[in-house]
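Let us read a structure together. Please look at it first.

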Amino acid sequence: MIAVSRRSFLAILPIWILLIGGQEIRGDERALQAEQAKSFFRQNCMSCHTIGGGRLTGPDLKGALERKDRSWLKRFLLDPVAMLESGDAYAAKLKKESRGAVMPRAAGITPQVADLLIDLIEAESELEKSEFAGLQISERPLTAIDVERGREIFLGLHSLERQGASCISCHSINGIGGLGGGLLGPDLTKVYDRLQGRKGLATWLAAPATPTMQSIFKPHPLESGEILALVAYFKEAAETGSEAPPSGPLHFILLGLVGAVGVLVIFDVLWRTRFRSVRARLVADQGERALHR
Amino acid sequence: MFEASLNMDLFLFAILPYLSMSIFFLMTIHRYRAQSFTYSSLSSQFLENKAHFWGTVPFHYGILVILAGHVLGFLIPRHLLAWNSRPLRLYVLEVSALIFGLLSLIGLVNIIIRRVTRSKVRINTTPSDWILYGMLVIQLASGVYIAVFYGWGSSWFAASASPYIWSLIKFSPDIGYVVAMPAAVKLHIVSAYMIIAFFPFTRLVHILVTPNPYLWRKPQVVRWNSNRAPRRIR
């Protein structure tokens, strides 16, 4: 009897191993998917949304499933613009509340990712404090010292703690003089208004949403003190200036052209003793003769 | 539509660089083994040397400085960013780079005009030369365009292109650095890969001849040392 039992046990052992192993794999998969959803949320959603931290450009997503059902959320996530264009009343309401900003379709979103994101929003909404409650920067009043420090960070005079590139590399802003700032990214004079103030701007700086900034700042994130200083500087810029006129490139190219002509003159002087068509006649004659042979 | 553009980016920025480098290495080695004596830029100075000066001199000095700048930005990005941390130094570097970029473009345009207008030079120009000139025009014109309209490239190259190239070298391409770049920047990168792939089939192989005297020797004057007429002009 015992022998039979042992035999049966041995017979079903591989099945048990498979079952337990399979469950573990499924468990691992779920954990992996949850991590992927978090990472996706951080990269694509966090610059405009919090879960339980109040609205930024977009609404606070805490309890989103209580406001709209899963299938609506999924359709919206997969193509917000199409949803808006289809005349959906709730999508229009969201646009109005976001002062006209329309949510772009997130890079890499698929029906499966949308489901995972909705699961994530649901799970995080139940927590007392979600890790996506947004960046908590100091609420203290911003001072002239903050503005000056922000200006230094923008220009690169004050190096970033984690060695990120300074803002001037890619952005311009009113009032920096010289040849202005970089032109790869947008002018930041009005960015404080565009991102709807202190909280929105600070959250963006903590987790930039554009692929280029994400790649550059993921390994070199900004410190909260640096973010506060930059917010102060951008606030001051938005209040005092208008966006820099695009004269920078003109001055820059004029300098380049004058310099290039100058170098050509130097070449001419340096090689003033060069042979000047000393053999031109010879070559012409030889060529003619050869061609007529 | 979106997936298609992502696939295109994957091909252009994560696969094409490896394809180009493979062609570059295999074909340069093959050409050196099979046709060593074709490792030359085939001087045409003896056919015409007035316009030649205003082509080759600005082109070569311009391109050498610009290439060296790209290599430095890739090798020591932190130092470059540190240099650029004072706006005046950034402006000096950018204006200097633009001057040399313009010199190389002016030189290239002169080279092409000379090749087109001087009949003896034109008949000595191969299809490979014409294709190469076309590619170089795209490369240099897009580079100057980027320098002017998407400044300050010396800084953002160090912050984004350098880690992108390192990711390629480590065989884990991170195209996040480049997928959202403006079209001119993408064109500049892709065109560079195309030139690398086409390199072994062109006169550019003269860059690889070692010991490489081109960098420091005096300009070589090619002369006929005989009264005998050439059999035919090719």
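Predicted model: local features only at pLDDT ≥ 70, side-chain atom pairs only at ≥ 80, totals over all residues.

A: Residues are numbered from 1 along each chain as its sequence is written, chains are lettered from A and ligands numbered from 1 in the order in which they are written, and side-chain values use heavy atoms, without hydrogens and water.

Q: How many residues does the contact take from chain B and from chain A?
A: Contact means heavy atoms within 4.5 Å. Here chain B gives 53 residues and chain A gives 51 residues.

Q: What area do chain B and chain A bury between them?
A: Buried area is the accessible area (1.4 Å probe) that two parts lose on being put together, summed over both. Here it is about 4600 Å², with 71% on carbon and sulfur atoms.

Q: How many salt bridges are there between chain B and chain A?
A: A salt bridge puts a side-chain nitrogen of Lys or Arg within 4 Å of a carboxyl oxygen of Asp or Glu. The count between these chains is 0.

Q: Which residues make the nonpolar surface patch?
A: Patch residues have over 30% relative accessible area and no salt bridge; nonpolar side chains (Val, Leu, Ile, Met, Phe, Trp, Tyr) are joined within 5 Å, like charges within 9 Å. Accessible areas come from the Shrake-Rupley method with a 1.4 Å probe, and for residues only the protein chains shown count as cover. B:Val71, B:Leu72, B:Leu75, B:Ile76, B:Trp166 and B:Ile169 form this patch of about 510 Å².
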